[in-house]
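I opened my notebook to look at how the parts of this protein model touch each other. Come along and check each entry against the picture.

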Amino acid sequence: MTEQIFRETTAEPRTQSLPLAHVSLELGHLYMEDFEEGPDRLREHFARVKPWADAARQAAVVMSGNGRARVSTCFLVDDYFTQFSSPRELVPLLLGEAKAAGLEIDYLARESACAQADGVALAASVESRLVESPPEGSDGSRPGVREVGWLSNGQRTPSSSTAEAMGRVVPWTPPSEAGARRHSIFVDVELWNEDPRRTWSCPFLAAVWQLARLGLLRHRGSPVLEPRALRPDQTLPETWSALPPLLRLNDAAAPFAAYRTTSVLPSRFLPIEHAVRVILSQVEADAAALRQVAERAAAEGTQVPEEIADRAAYVFYPGP
Amino acid sequence: MAPPDRDRRPILCGEVRTSVLRTSEALTARTAAQLLNLRPDEHVLLSERPNLRVASPQLLTGVDCRLPSLNGSRPRAVGTVAARAVLTEGRVLQASAFARLVPGGGDHRKPWGHYLLRPGVVEPLGRHQDGEFTEGFLAAAPLPGGVLNPGAVAERLLDEVLRHRLLDQRAPFKSGRTRLRWVALPAAGDGVTSIERFTVAADGLRTVALRVAPADPSAVAALCEDLALHDWLLTTLVALVERSRLGSGDREAVLTALRPVVDHLLHLWMPGARVPDVLSGVWETLERRPGFSRQWQALVQRIRDQVALQTVSLPRPVLADS
């Protein structure tokens, strides 16, 4: 083999790798409605999460394959759909209630960071990585069957207006799920709307959140949404936008990104997470990032599910 | 590492569309990078040696269709076709789409996530025969509907880039688009890369069959882009020289017609510039026969002679004016 003598770095892209934990454990999602119900609601939330969080840690050890597991915990606060309270008021309250329940939050993320963080339009990048599952007969000659702003897990019912315009009466055809087992569970997910400015949907941001936790997001090869701690002289700010998009609260924490994620959520989140799965199974993740994760896992003797959607696990607890 | 089992190495196939970029001035590296920034979160690849070549990030198109064959047994295949746009010297635009046929896809379609982890791979469901596929794919007719069609993916990408707002839609000369459809089979025995066929069909479709040593699919696609680029250059130059009525009486008219050739085309000829050693045998063969560079050099010499003659015989005022 002759060695390549002349190289141009602009012609050979590099992708930086990320440190990885075994499991990224999400301890909750906080919306304004929850906050408005006062500190009791938070206390109840963490009390209900605690046993499942403990179980998730044990499961992480079993799955790591080597008797130990690096688990980092995270918590997501909505500042995208509604802004409430302030970091200065909320963060100590949140940490206090978690601690009272015996939980520690290692990383705190703002939901708006999933749309845009550190000048990078993350949600738009992920949208440009969607490659829709093709229906049978797709030979490459037609563009994706995409309805702008929507993503489904199969084939939609053909539009009746097209058929009528062609002067035919066409009987209704049901939608179908790609790869359905006998019967379809068809889901059509709204990714965003314009009212008037682009607002990403909750499931879409949640899919970005999963990809971030799985260490699969890059911007031109560089990591995005990297955790930052407050400087020692810094206090918690008054506004959410002044807070780092992903705040490291525990210096001794395992890395934020992980081979797998586990999210402990009240069962009302189930439809959202179903939609997340529909999205994740149609995202073409950064190939180099995927390879780095696979190589690291192999070197550690840890098994990582091949498909991205299968790397996300959930506990849905009966909750408010 | 043990050498890969030849019989299990996949076939590569693809199609390249080549066109002049419809803009009065050739794009600089910076503008070219803007034009081909088809994905905000990925790098546009930029190479300036030995000439300026800018390549877009790779885009995927999902397919679930039949594989071509001449005998009518068309196995179903599922996966993704990879595509990219490449701009040479800010002037010649190519859209290239390709896929690797990897056997062992089982008998049923898998969840879509499986295919997305294998970008640019198409998995036949059930059995297929390489020879049948190659003949069916390279048959000069348009591919029937429902059959794997990387050319359609390339065509769409080319159209999309050509419509970009950065382009003033004023091409410096008239030229056509060319289509080059290719298949690369694993090389036999010692694994030396060779070309088995380069055919120009009546409908303008070029078909190429290669035998390749183990190489990155993207490098094989780049080799085919290089073949398509030089085939287009030669085709375009021949047509422009013909249209200029070189050898007819009116030298000034001839020179006016050839001016864009000198301005925009002559410096683009660089066969094999970026082809890695392991794939370089292809150009050597083509240069021996038919001798692409020989034909190119002969045409260039004819043009230069005309320019020289004209310069000698031009009356002064015209010279001062130019």
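This is a predicted model: local features need pLDDT of at least 70, side-chain atom pairs count only at pLDDT 80 or more; totals for chains, interfaces and linings use all residues.

Before my first entry I needed one term: buried area is the accessible area, taken with a 1.4 Å probe, that two parts lose on being put together, summed over both.

**Entry 1: two domains in chain B**

I looked up the domain assignment of chain B and found domain 1 at 6–231 and domain 2 at 235–321. For the contact between them, I wrote down 32 residues from domain 1 of chain B and 25 residues from domain 2 of chain B. The C-alpha centres of these two domains of chain B are 28 Å apart.

Next came the area. Domain 1 and domain 2 of chain B bury about 2400 Å² between them, and carbon and sulfur atoms give 69% of that.

How many salt bridges are there between domain 1 of chain B and domain 2 of chain B? I got a count of zero. Polar contacts were another matter to look up: ten residue pairs across this domain interface of chain B are in polar contact, both residues being at pLDDT 80 or more.

Which elements give two or more residues to the side of domain 1 of chain B that touches domain 2 of chain B? I listed β9 (194–200), β10 (205–212) and α5 (217–243) of chain B. The largest share comes from α5(B), with seven residues. Sorting that side of domain 1 of chain B by class, I had 16 nonpolar, seven polar and nine charged residues.

**Entry 2: chain B against chain A**

I then turned to the other chain. Here 38 residues of chain B are in contact with 33 residues of chain A. The two chains, B and A, bury about 3000 Å² between them, with 50% of it on carbon and sulfur atoms.

I asked about salt bridges again, and the rule finds six across the interface of chain B and chain A. I picked out a salt bridge to find in the picture: the side chains of A:Glu136 and B:Arg66 meet at 3.6 Å, N to O.

On the side of chain B that touches chain A, the elements giving two or more residues are β2 (45–47), β4 (59–66), α2 (112–116) and α4 (150–162) of chain B. β4(B) gives the most, with seven residues.

Conventions: Residues are numbered from 1 along each chain as its sequence is written. Chains are lettered from A and ligands numbered from 1 in the order in which they are written. Side-chain values use heavy atoms; hydrogens and water are left out. Domain bounds come from an automatic or database domain assignment. Contact means heavy atoms within 4.5 Å. A salt bridge is a side-chain nitrogen of Lys or Arg within 4 Å of a carboxyl oxygen of Asp or Glu. A polar contact is a pair of N or O atoms within 3.5 Å; within protein, one must be able to donate a hydrogen and the other to accept it, and residues adjacent in sequence count only if both atoms are side-chain atoms. Helices (H or I, at least four residues) and strands (E, at least two) are DSSP runs, numbered from the N terminus. Ala, Val, Leu, Ile, Met, Phe, Trp, Tyr, Cys and Pro count as nonpolar, Asp, Glu, Lys and Arg as charged, and the others, Gly among them, as polar.
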